[in-house]
Number of protein chains: 2
Amino acid sequence: MVDCHLPAMKDFVIIGNKAVTGGKISLNDLPGSAGRMDVLCRCVTASLFISFGMRRDVNVYLILKGEPGPEKIVRFCGATMKSLNPDERSSGSMIQKALLVDAKETETQSTPGVFVRTGNLSGLLEEFKNKCRKLVYLKEDGKDILDADFKAIEDPVFILGDNQGVFEEDEALIRDAGAVSVSVGPISLLSSQCITIILNQMDRNEMQNLPAEE
Amino acid sequence: MVDCHLPAMKDFVIIGNKAVTGGKISLNDLPGSAGRMDVLCRCVTASLFISFGMRRDVNVYLILKGEPGPEKIVRFCGATMKSLNPDERSSGSMIQKALLVDAKETETQSTPGVFVRTGNLSGLLEEFKNKCRKLVYLKEDGKDILDADFKAIEDPVFILGDNQGVFEEDEALIRDAGAVSVSVGPISLLSSQCITIILNQMDRNEMQNLPAEE
């Protein structure tokens, strides 16, 4: 079923190529035994936090592709999020709790504003397409986000890799789903830094589009 | 002595209003008992890391103003940094080691690329002035970094507050030192996010200023 009348959102999908999918992860070793979960934690902070509050119009989908499987999707929902702090350990703790849930194909809320299910990139892209969402792939050779074309994109879903990038198989899925490629400048940056720059640019675009005061 | 002929650098000064100045800090509680040291750790990552390497032309000065005193300055030097990873625990661990050093008025290297000394904002600003460095104060009501004036600033030193901002006394020091105020957009962001946006803008400026290929 296609539903094209949802409230405006900004969604981020981050592919965690080695991010573990089960067991009790150690908050003292997010980069190591948890499969570079620190990268995903920084992406959560970059997506949801501003100086004195939270971006309530943002969802973050973490795709965990690591051992032992099956793949899982952990969603941080800005609209209903509670008790999240910007430090890596805080989001790491929520991922830890999500991984202790017996995940099904439909979402289970593990802590307020955090949801977990089994699922993969292919299925998630299909869902976004069914909701008429515009897919935007973060890629070094993409068009600069400062370009006019980007400013016209409403309700975007941004798809990023982790420290390993996006492997060919996933890249093919993203391209087949019709994603446009964009870049954030002349230097390849951390995934979380890319998110910060994208949101800053969207803030600026939205400010320009506000109606003038009477 | 005034020395105006140093190699081009970008420096960041972050004021840690409650960041502890002694004792063995707990890497499991950087936000709490260490006095929001997590904010400073994220600033280190934002300043020094790019996707596959480190910004060698950046120094990060963390001004620790918390208990028990006296105030200390921990410097992360991009040019000589070793063994630093982008996760908060990694920079936190280096700050932890720096705080175990018996700090003097001159720098002591605590781990490769990390230096500690006693000192405060006032003295540091004086040092930068003596080196003819341009001081730039990150402030919501400052001029937008996209403006032409900002692009002309060479060898800038950016000064930022932590989650508590910059208190009046420090703000007076910064203004008296002749800093220009700049902002990074319409929304007040985390200190680390401000650093990411500044560096992205500087990357873009530098790319524009490169000589055209023959």
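**Exercise 1. In which strand of chain A is A:Leu138 found?**

Before the solution, the conventions. This is a predicted model, in which local features need pLDDT of at least 70, side-chain atom pairs count only at pLDDT 80 or more, and totals for chains, interfaces and linings use all residues. Residues are numbered from 1 along each chain as its sequence is written, chains are lettered from A and ligands numbered from 1 in the order in which they are written, and side-chain values use heavy atoms, with hydrogens and water left out.

Solution. 
- Step 1. A:Leu138 belongs to strand S8, residues 134–144 of chain A. Helices (H or I, at least four residues) and strands (E, at least two) are DSSP runs numbered from the N terminus.
- Step 2. With a relative accessible area of 12%, A:Leu138 is buried. Buried means under 20% relative accessible area, exposed over 50%, and partly exposed in between, with a 1.4 Å probe and protein chains only.
- Step 3. Leaving aside residues up to four places away in sequence, A:Leu138 touches A:Phe158, A:Ile159, A:Leu160, A:Val182, A:Val184, A:Cys194 and A:Ile198. Contact here means heavy atoms within 4.5 Å.

**Exercise 2. Locate the annotated binding site and describe A:Gly161.**

Solution. 
- Step 1. An unreviewed UniProt entry places the feature "binding site" at A:Leu138, A:Gly161 and A:Cys194. These residues span 57 residues in sequence, yet no two of their C-alpha atoms are more than 10.6 Å apart, so they gather at one spot. UniProt positions are given in the numbering used here, feature names are shortened, and annotations may be inferred rather than shown by experiment.
- Step 2. A:Gly161 lies in strand S9, residues 156–161 of chain A. Its relative accessibility is 10%, so A:Gly161 counts as buried.
- Step 3. The contacts of A:Gly161, not counting residues up to four places away in sequence, are A:Ile14, A:Ile15, A:Val166 and A:Ser191.

**Exercise 3. Describe the interface between chain A and chain B.**

Solution. 
- Step 1. Chain A gives 34 residues to the contact and chain B gives 34 residues. Of the interface residues of chain A, 100% are also interface residues in chain B, so the copies meet through the same surface.
- Step 2. The two chains bury about 2800 Å² between them, with 58% of it on carbon and sulfur atoms. Buried area is the accessible area (1.4 Å probe) that two parts lose on being put together, summed over both.
- Step 3. Between the chains there are 2 salt bridges. The term stands for a side-chain nitrogen of Lys or Arg within 4 Å of a carboxyl oxygen of Asp or Glu. One salt bridge joins the side chains of A:Arg204 and B:Asp144 at 2.7 Å, N to O.
- Step 4. On the side of chain A that touches chain B, two or more residues each come from helix H1 (37–48), strand S2 (49–50), helix H2 (88–99) and helix H6 (191–209). H6(A) provides the largest share, 7 residues.

**Exercise 4. Identify cis peptide bonds and a positive phi in chain A.**

Solution. 
- Step 1. Most residues other than glycine have a negative phi, and most peptide bonds are trans.
- Step 2. The bond from A:Glu67 to A:Pro68 is cis, with omega near -5°, and A:Pro68 is found in the loop between strand S4 (58–64) and strand S5 (72–77). The bond from A:Gly69 to A:Pro70 is also cis, with omega near -5°.
- Step 3. A:Asp155 has phi near 50°, a positive value in a residue other than glycine. A:Asp155 lies in the loop between helix H4 (148–151) and S9.
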